[in-house]
Amino acid sequence: MNMLAWPQNPSVYLLIAALLLAIGVFGLLRRQTLVGMLISGELIFGAAMLNMMAVNRFFVEDPATGQVFVLFIMGLSAAEVAIALSIVIAVYRNYRSIQTRELSEMKG
Amino acid sequence: MNTFPGLDYLIPLVFLLFAGATVGGALIAVFTRWIIRSVCGLAMASVGLAGMFYFLNSPFLAMIHILIYIGAVCITIVFAIMLAEPDEPGFAAGSHSLPWTLGAAVVAGGLFLGLTHISLTGDWQTPAVRTSDGSVERIGIALVTTQSLALEIIALVLLVSILGALAVARKGRHME
């Protein structure tokens, strides 16, 4: 495969996005703290964005649509980070720990 | 003809640099035991992703990505790290067993292989004609015309998430 043509090859971007998604899912399963799981979730968001941009660049008639979608994904991930981190702070106040192993009881 | 030897390799080299930053940063973010290094890995992956966006004809999104991910998301996570103590427990202190890690690796590997198969064998159709150039001007016009409903909904989501974050964090404070 010609390395000089890699930046113009959609498969390269799709493969990197798939790799990023796999790494994110692996981290989500393996991490034992809430912040670590949140970071892995951000990697999964990044994979979704890269996939969307690659398809938008090579296979879509109107390239503005995918960019608008990626903007919305960024907004959603920012909102997710705000909510998740406030939950992390609240959990740490109650349990003095944010390891998922110790968060095994609920109380309304 | 180029007057400078090796100039043809400059663009693929920069591309490989960004791709390596993306994948390497993601690996650092997942595999290190210290969460602060994990955040640094996320920042590195974000720089790589921004470079990818630049190669995908969207310098605007590259800028926005650095602005939001490194300027907002990573900094917010660093604040949370300062307020809590989120380091992973040591491998001796009852960490996940090897079968669990292997299971996670199998799930992630299967996902990667399946997506790779779909990506490489899919019947992707390149459109014959582009209806716009995807410039910032076109994005702005699309935001307030065809995508205006989605814009309103994302504004509502952001408002609700800000209020929810404030409510959750404040409630924990009251109970103390």
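Visitor: Is the crossing of helix 3 of chain A and helix 5 of chain B left-handed or right-handed?

Guide: In this predicted model, the crossing of helix 3 of chain A and helix 5 of chain B is right-handed (near helix turned clockwise from the far one by less than a right angle; anticlockwise is left-handed). Helices are DSSP runs of H or I, at least four residues, numbered from the N terminus.

Visitor: At what angle do those two helices pack?

Guide: Helix 3 of chain A and helix 5 (residues 136–144) of chain B pack at about 70 degrees, and their axes are 9 Å apart (lines fitted to C-alpha atoms over the stretch in contact; angles from 0 to 180 degrees between N-to-C directions). Helix 3 of chain A is therefore roughly perpendicular to helix 5 of chain B (65 to 115 degrees; over 145 is roughly antiparallel).

Visitor: Which residues make the contact?

Guide: Ala64(A), Gln67(A), Val68(A), Leu71(A) and Phe72(A) of helix 3 of chain A face Arg138(B), Ile139(B), Ala142(B) and Leu143(B) of helix 5 of chain B (heavy atoms within 4.5 Å). By class, this contact of helix 3 of chain A with helix 5 of chain B has seven nonpolar, one polar and one charged residues (Asp, Glu, Lys and Arg are charged; Ala, Val, Leu, Ile, Met, Phe, Trp, Tyr, Cys and Pro nonpolar; the others polar, Gly among them).

Visitor: How many residues of each chain are in contact?

Guide: 73 residues of chain A are in contact with 91 residues of chain B.

Visitor: Within chain A, how do helix 2 and helix 3 pack?

Guide: Helix 2 (residues 34–59) and helix 3 (residues 63–95) of chain A pack at about 175 degrees, with axes 9 Å apart, so helix 2 of chain A is roughly antiparallel to helix 3 of chain A. The residues of their contact divide into 18 nonpolar, five polar and two charged.

Visitor: And at what angle do helix 1 and helix 2 of chain B cross?

Guide: The axes of helix 1 (residues 10–31) and helix 2 of chain B cross at roughly 150 degrees and come within 7 Å. That makes helix 1 of chain B roughly antiparallel to helix 2 of chain B, and their crossing is left-handed.

Visitor: Where does Asn57(B) lie?

Guide: Asn57(B) lies in the loop between helix 2 (35–55) and helix 3 (59–83) of chain B. Although Asn57(B) is not a glycine, it has a positive phi of about 65 degrees.

Visitor: Which conventions apply?

Guide: Residues are numbered from 1 along each chain as its sequence is written, and chains are lettered from A and ligands numbered from 1 in the order written. Local features need pLDDT of at least 70 and side-chain atom pairs 80 or more, while totals for chains, interfaces and linings use all residues; side-chain values use heavy atoms, without hydrogens and water.

How values were computed. Angles under 35 degrees count as roughly parallel, over 145 as roughly antiparallel, 65 to 115 as roughly perpendicular and the rest as oblique.
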